[in-house]
Amino acid sequence: MRPEDARSLGFGAWDFDLETRQMYWSETTRKLFGVAADQPVTLDSFLSLLSEGDRAPVETAIEHARLQGSGFDMSFKVSDGATAGEQWIRVLAGIVPDGAGEPRYLRGIALDINQEKQLEEALRTRERHLRSILDTVPDAMIVIDGQGSIQFFSTAAERLFGFTEQEAIGMNVRELMPEPDRSRHDSYLARYHASRERHIIGIGRIVTGRRRDGTTFPMHLSIGEMQSGGQPYFTGFAHDLTEHQQTQARLRELQSELVHVSRLTAMGEMASALAHELNQPLAAISNYMKGSRRLLAGSDDPNTAKIENAMDRAAEQAIRAGQIIRRLRDFVSRGESEKRVESLSKLIEEAGALGLAGAREQNVQLRFNLNPEADLVLVDRVQIQQVLVNLFRNALEAMAQSSRRELIASNRKVGDDLIEIAVSDTGTGFHEDVMPNLFKTFFTTKDTGMGVGLSISRSIIEAHGGRMWAENNDAGGATFRFTLPAAPDEG
């Protein structure tokens with residue numbers, strides 16, 4: 001090969017006399033190391049060009065080649081004295097014996113491997129970047145081969161299943177499953193390889209996972225398939241549903257409480273309204289009985305005494321019925337409840353989970369503009385959530401036909417001891433003739449409504465020492481406002 005060809009390929013020749021310790025470098029080799037053409041090269045001057053960490057290994061490799069009669073292959077960076085700056089060089093060498101067959105020369109080539117090292121570093125950087133991304137993905141990521149052996153186990157998977165990456169790599173993925181899937185998984189894979197019929201790949205479903213300690217938990221599993229080197233690999237993403245199911249259970253419990261209290265409150269409100277309406281006719285019956293008895297006072301009818309006695313008893317029963325109804329009304333209107341310091345934002349969040357179910361599907365934009373400085377209130381949690389759920393559901397119904405659907409819940413301090421909550425929508429609002437009757441029992445603007453929701457809500461708020469009212473807003477919808485007592489300052 002001509003010297004110019006070697007230069008164009010980026011490698012040069014070198015020769016090291018093991019006896020004289022002198023070195024010969026070709027023009028290309030000198031350029032690679034940044035050594036002038038007239039500068040003599042010895043082993044010591046060569047080693048001085050290397051970084052401190054590379055000098056001892058290179059010297060050891062040369063000595064080993066001399067003693068064993070073998071060659072060596074090493075890569076290193078030259079020192080800052082090189083004309084090309086930081087230069088990666090690969091050196092390959094072999095032993096050349098003298099006439100007696102003893103090792104005399106170490107002869108080889110030096111190659112420019114800067115580009116390869118840059119590509120390696122870029123690849124390592126991308127691998128580190130990818131690993132950092134995978135380490136921060138909240139869902140567990142697991143890669144298995146076609147036999148079910150785990151090839152990759154993310155940091156989230158370590159936290160979720162309790163195995164370290166070193167323990168998991170090479171383990172069969174069935175170890176992460178409870179029975180019966182644990183025993184059946186190998187047959188699942190074999191069946192898929194044979195039929196290519198997908199039961200979970202690309203679909204995702206809720207399954208049960210098994211931790212290292214043997215405990216199980218619900219998770220949503222999504223699986224994708226890829227090919228590498230002609231071999232199939234499967235990537236699974238597992239999302240722990242434990243907290244989700246606990247939240248759902250808590251919401252079901254809360255919904256049950258709200259339904260129970262709502263029924264009791266509705267019954268109380270209806271009983272109070274009926275008591276108010278029935279008291280008047282009962283009082284009238286009693287008065288008519290007393291008047292009729294006076295008319296009979298001068299009668300000569302032999303049955304007068306019996307009639308008067310019957311009328312007296314009827315009047316007494318009418319009065320007794322009125323007293324029973326008044327006691328019933330007093331009982332249901334006392335509004336006795338257990339009031340505690342509660343977080344308003346938490347109440348709204350939980351009530352929203354119940355009252356605003358389906359809002360996203362209806363393209364309703366939800367905005368909770370809550371002031372943390374007006375958060376703590378002294379209330380009965382379930383009763384106030386009942387009010388909020390009722391207002392949220394009314395708002396969704398009011399916006400059902402609106403082109404713009406936006407619901408806003410906000411709060412603010414009004415004085416030192418009250419907090420005002422507002423729930424606004426972009427529905428149809430109210431006509432002026434509706435406003436005076438809005439909170440009356442049995443008044444409703446809905447075709448199927450009972451007319452007790454807002455009446456109950458106002459009763460609850462008033463029982464808490466606040467007030468409730470409604471108004472039309474600038475967006476064309478309605479805004480309901482109510483006040484609650486602020487929690488006393490602990491300081």
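**Close-up views of a predicted model**

**View 1. Helix α12 packs against helix α13.** Helix α12 (residues 381–398) and helix α13 (residues 453–463) pack at an angle of about 145 degrees, and their axes lie 10 Å apart. Here axes are lines fitted to C-alpha atoms, for helices over the stretch in contact, and angles run from 0 to 180 degrees between N-to-C directions; helices (H or I, at least four residues) and strands (E, at least two) are DSSP runs, numbered from the N terminus. On the side of α12 the contact, meaning heavy atoms within 4.5 Å, is made by residues including Ile384, Val387 and Leu391, and on the side of α13 by residues including Leu454, Ile456 and Ile460. The residues of this contact divide into seven nonpolar, six polar and no charged, where Ala, Val, Leu, Ile, Met, Phe, Trp, Tyr, Cys and Pro count as nonpolar, Asp, Glu, Lys and Arg as charged, and the others, Gly among them, as polar.

This is a predicted model, in which local features need pLDDT of at least 70 and side-chain atom pairs count only at pLDDT 80 or more, while totals for chains, interfaces and linings use all residues. Residues are numbered from 1 along each chain as its sequence is written, and side-chain values use heavy atoms, with hydrogens and water left out.

**View 2. Five strands form an open sheet.** The order of the strands is β2-β1-β5-β4-β3, and the pairing is antiparallel; two strands count as paired if DSSP finds at least two bridges between them. Because β2 (23–25) and β3 stand at the edges, each with a single partner strand, one side of each is left without a neighbour in the sheet. From one strand to the next, the twist averages 20 degrees. Helix α4 (residues 52–68) packs on the sheet and touches β1, β3, β4 and β5, with a direction that makes about 165 degrees with that of β3. Strands β1 and β5 pair in the antiparallel sense over seven bridges, and the bridge partner of phenylalanine 16 is leucine 106 in β5.

**View 3. Aspartate 17 and arginine 104 meet in a salt bridge.** The N to O distance between these two side chains is 2.9 Å, and a salt bridge is defined as a side-chain nitrogen of Lys or Arg within 4 Å of a carboxyl oxygen of Asp or Glu. The pair links distant parts of the chain, since aspartate 17 is in strand β1 (residues 11–17) and arginine 104 is in strand β5 (residues 103–112), 87 residues apart. Both aspartate 17 and arginine 104 are buried, where buried means under 20% relative accessible area, exposed over 50%, and partly exposed in between (1.4 Å probe, protein chains only).

View 4. Salt bridges that share partners join Lys117, Glu120, Glu121, Arg124 and Arg128 into one network. Glutamate 121 is partly exposed, with a relative accessible area of 34%, and arginine 124 also counts as partly exposed, at 35% relative accessibility.
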